[in-house]
Amino acid sequence: MWIDTHCHLDAHEFGSESAAQAAQAQGQGVGMIVIPAVETANFSIVAELAGSIDNGCYALGIHPIYVPKAQEDDLRVLREQVAAAMSDPRFVALGEIGLDFFIPMLTEPAMREKQIYFFREQLKIAREFGLPVLMHVRRSQDVILKHVRQIPPAGGIAHAFNGSDQQAKMYIELGFRLGFGGAMTFTRALQIRRMAAELPLESIVLETDAPDISPAWIHPGRNSPDQIPRIGAVLAELRGLSLEEVAAATTANALAALPRLAMPAK
């Protein structure tokens with residue numbers, strides 16, 4: 001079995017095809033797809049989508065790109081929705097949360113501070129409920145690490161990891177797994193491929209971030225969760241392992257990072 005630990009299956013790029021995409025992925029051996037929310041407006045959407053497909057589960061959180069329009073009250077809504085979702089076995093994490101210091105507007109001082117505030121408050125919610133987090137870490141690794149040290153959640157995943165060896169080591173020491181996906185499939189992505197080959201295998205999980213971060217054989221087209229086995233084959237080649245070994249290891253790693261994934265779906 002394979003697990004896609006990060007897939008925006010509710011994105012408008014999929015139109016009415018979300019359920020069909022999930023079924024197609026299931027036919028390729030993708031036994032679970034984690035669908036993170038990005039703002040309060042899609043909390044119910046991801047929950048309903050996850051509940052409508054055999055291989056769906058979800059996370060709730062406010063994405064840093066949506067922080068500019070977020071209101072203080074959104075944090076109250078998030079906490080209430082998380083409390084209610086704790087009885088739903090398809091609810092597995094707080095996410096997608098984090099920091100983005102790549103988009104220029106988000107790096108302006110006031111917006112940088114607002115991002116940090118929302119990230120810290122969401123870490124507190126994750127800690128309160130004992131939940132792992134799905135973290136957006138674009139150009140923000142060191143600041144992310146600083147805050148998760150101060151407000152440690154119950155582990156989680158650094159999504160679309162593209163940091164340094166030292167940053168990888170720090171995440172691993174703090175109990176996080178690192179998400180690898182389409183970027184790893186480009187031969188020019190030398191650092192990501194080297195890290196995928198050399199990091200402890202138990203620290204790696206697979207993801208698509210579909211419809212984004214398409215692998216080399218699709219780029220620049222729409223990514224989809226059925227690409228996970230082929231992405232896994234790239235990891236197997238980089239590490240000199242069999243496809244079966246990589247499937248088993250990355251599935252075990254995802255279950256360790258997101259323990260509620262192992263709960264039987266109702």
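Student: How do I read the crossing of H5 and H6: left-handed or right-handed?

Tutor: A crossing is left-handed if the near helix is turned anticlockwise from the far one by less than a right angle, and right-handed if clockwise. Here H5 and H6 cross in the left-handed sense. Bear in mind that this is a predicted model, where local features need pLDDT of at least 70 and side-chain atom pairs count only at pLDDT 80 or more, while totals for chains, interfaces and linings use all residues. Residues are numbered from 1 along each chain as its sequence is written, and side-chain values use heavy atoms, leaving out hydrogens and water.

Student: What angle and axis distance do H5 and H6 have?

Tutor: Two packed helices are described by the angle between their axes and the distance between the axes. Axes are lines fitted to C-alpha atoms, for helices over the stretch in contact, with angles running from 0 to 180 degrees between N-to-C directions. Helices are DSSP runs (H or I, at least four residues), as are strands (E, at least two), numbered from the N terminus. H5 (residues 141-150) and H6 (residues 165-173) pack at about 20°, with their axes 11 Å apart. That makes the pair roughly parallel (angles under 35 degrees).

Student: Which residues of H5 and H6 make the contact?

Tutor: Contact means heavy atoms within 4.5 Å. H5 brings Gln-141, Asp-142, Ile-144, Leu-145 and Arg-149, and H6 brings Gln-167, Met-170 and Tyr-171. By class, that gives four nonpolar, two polar and two charged residues.

Student: Now a single residue. Is Asp-226 buried or exposed?

Tutor: Buried means under 20% relative accessible area, exposed over 50%, partly exposed in between (1.4 Å probe, protein chains only). Asp-226 counts as buried because its relative accessibility is 12%. You'll find Asp-226 in the loop between strand S8 (204-206) and helix H8 (228-239).

Student: What does Asp-226 touch, not counting residues up to four places away in sequence?

Tutor: Gln-24, Ala-25 and Gln-28. Asp-226 and Ala-25 are 201 residues apart in sequence, yet 3.9 Å apart in space, C-alpha to C-alpha. There are polar contacts too (pairs of N or O atoms within 3.5 Å, one able to donate a hydrogen and the other to accept it). The Asp-226 side chain makes one of 2.7 Å with the side chain of Gln-24, and another of 2.5 Å with that of Ser-224.

Student: And where does Thr-251 lie?

Tutor: In helix H9 (residues 243-257). Thr-251 is buried at 10% relative accessibility. A polar atom of the Thr-251 side chain lies 2.5 Å from the backbone oxygen of Met-1. Leaving aside neighbours within four places in sequence, Thr-251 is in contact with Met-1, Trp-2 and Ile-3.

Notes: Angles under 35 degrees count as roughly parallel, over 145 as roughly antiparallel, 65 to 115 as roughly perpendicular and the rest as oblique. Ala, Val, Leu, Ile, Met, Phe, Trp, Tyr, Cys and Pro count as nonpolar, Asp, Glu, Lys and Arg as charged, and the others, Gly among them, as polar.
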